[in-house]
Amino acid sequence: MKLNILGCYSATPRTFTNPTSQVLEIKNHLFLIDCGEGTQVQLRKHKIKFNRIKHIFISHLHGDHFFGLVGLISTFRLLGREADLYIHAPKGLKEVIVLQMKLAQSWTNYNLYFHELTSTSSELIFEDEKVEVHTIPLDHRIYTNGFLFKEKIGERKLDMNAVLNEDIDVAYYRKLKQGADVPNKKGEIVKNQMVTLPAPQPKSYAFCSDTAYNEALVPIIKNATALYHESTFLEKHAKLAAPTKHSTAVQAATIAKLANVEQLILGHYSTRYDNLQDFKIEAQTIFNNVELAEDGKVFEF
Ligand SMILES: [Zn+2]
């Protein structure tokens, strides 16, 4: 998996920082997660192919998470997009976007589908042979979901030395990868475990922004490979976190520890802070493996 951070600050776009947007590359998909103002410029800057984005996931309808969307939809049209586009977002987004297109009399020339979310419990919202996406209900001032992107367990690996030793016909390799016992050339049944190795452990990425400290999300994101958790505030402004329903770096780290994730990525910083290292230092008092999101940074896991 490869995570491209396009923007990771809260509130307003500024000269050198952008509001929330990221692109996750997973099993040949490019998933766009949130679409703050300036997202299409960031996509161009980081050479991400527009037409490979088929699914957009919007966490909530605060402007710093979706004000770039109507512009992106319009640019797709101007570029002659033909591929379908699916937008998974809280109910209400369709009304906003359709009104803007209606008043501009500029409908898309590609199919645009809105998958409106209303559930307050975690639900499966996308699935194919290799990937699943689930919502992560968050605790924010308005209806908000994070998203859990999970690889499905893949095929077993062939232990080629063992396969050749057992003299198994190549026609059976596919069945072996799927876990079946198969006959060798002498007609004897070979146990699958004798000639294959377990499939690699599936990876997962949890995106949690925006949210107050919320232990209810721990079981949903348990053992994730990487967790992006918002940390809008440092401890010295902890009093602001509860009323605005945001988190501090220490709270983000506490969730990471409780959920036993491998890696924590912090982001959604308030624009009042100049030194991001302080977020890392505070989080590392609770949880060791902490990285700071920064616009343009790429994480691979
Ligand atoms: Zn918000």
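Residues are numbered from 1 along each chain as its sequence is written. As the model is a prediction, local features need pLDDT of at least 70 and side-chain atom pairs count only at pLDDT 80 or more, while totals for chains, interfaces and linings use all residues.

β15 pairs on two sides (pairing takes at least two DSSP bridges between the strands). With β16 (residues 263-267), β15 runs parallel over five bridges; with β14 (residues 204-208), also parallel, there are four bridges, and here Cys 208 is partnered by His 229 of β15. Five of the five residues of β15 (226-230) are buried, so the strand is largely enclosed by the rest of the structure (buried is under 20% relative accessible area, exposed over 50%, partly exposed in between, with a 1.4 Å probe and protein chains only). Both faces are covered, with Ala 226, Tyr 228 and Glu 230 on one side and Leu 227 and His 229 on the other.

As for the metal, the zinc ion is held by His 60 (NE2), His 62 (ND1), His 140 (NE2) and Asp 210 (OD), at 2.2 to 2.4 Å (donors are N, O and S atoms within 2.8 Å of the metal, or 3.2 Å for Na, K and Ca; water is not among the atoms, so sites may look incomplete). Along the chain, these donors are spaced H-x1-H-x77-H-x69-D, and His 60 and His 62 are both buried.

Then there are the pockets (open sets of points on a 1 Å grid over the protein atoms alone, with protein on both sides within 12 Å along at least five of seven lines; lining residues have an atom within 4 Å of a point). The largest pocket is lined by 16 residues, with Lys 27, Lys 152, Ile 153, Gly 154 and Glu 155 nearest its centre. β10 (157-158) and α6 (173-177) each give at least two residues to the lining of the largest pocket.

The second largest pocket has 14 lining residues, and Pro 202, Lys 203, Ser 204, Asn 223 and Thr 225 lie nearest its centre. β9 (145-151) and α8 (218-221) each supply at least two residues of this lining, and β9 has the largest share, three residues.

Terms used:
Side-chain values use heavy atoms; hydrogens and water are left out. On a 1 Å grid over the protein atoms alone, a cavity is a set of points where a 1.4 Å probe fits but cannot get out, and a pocket is an open set with protein on both sides within 12 Å along at least five of seven lines; lining residues have an atom within 4 Å of a point.
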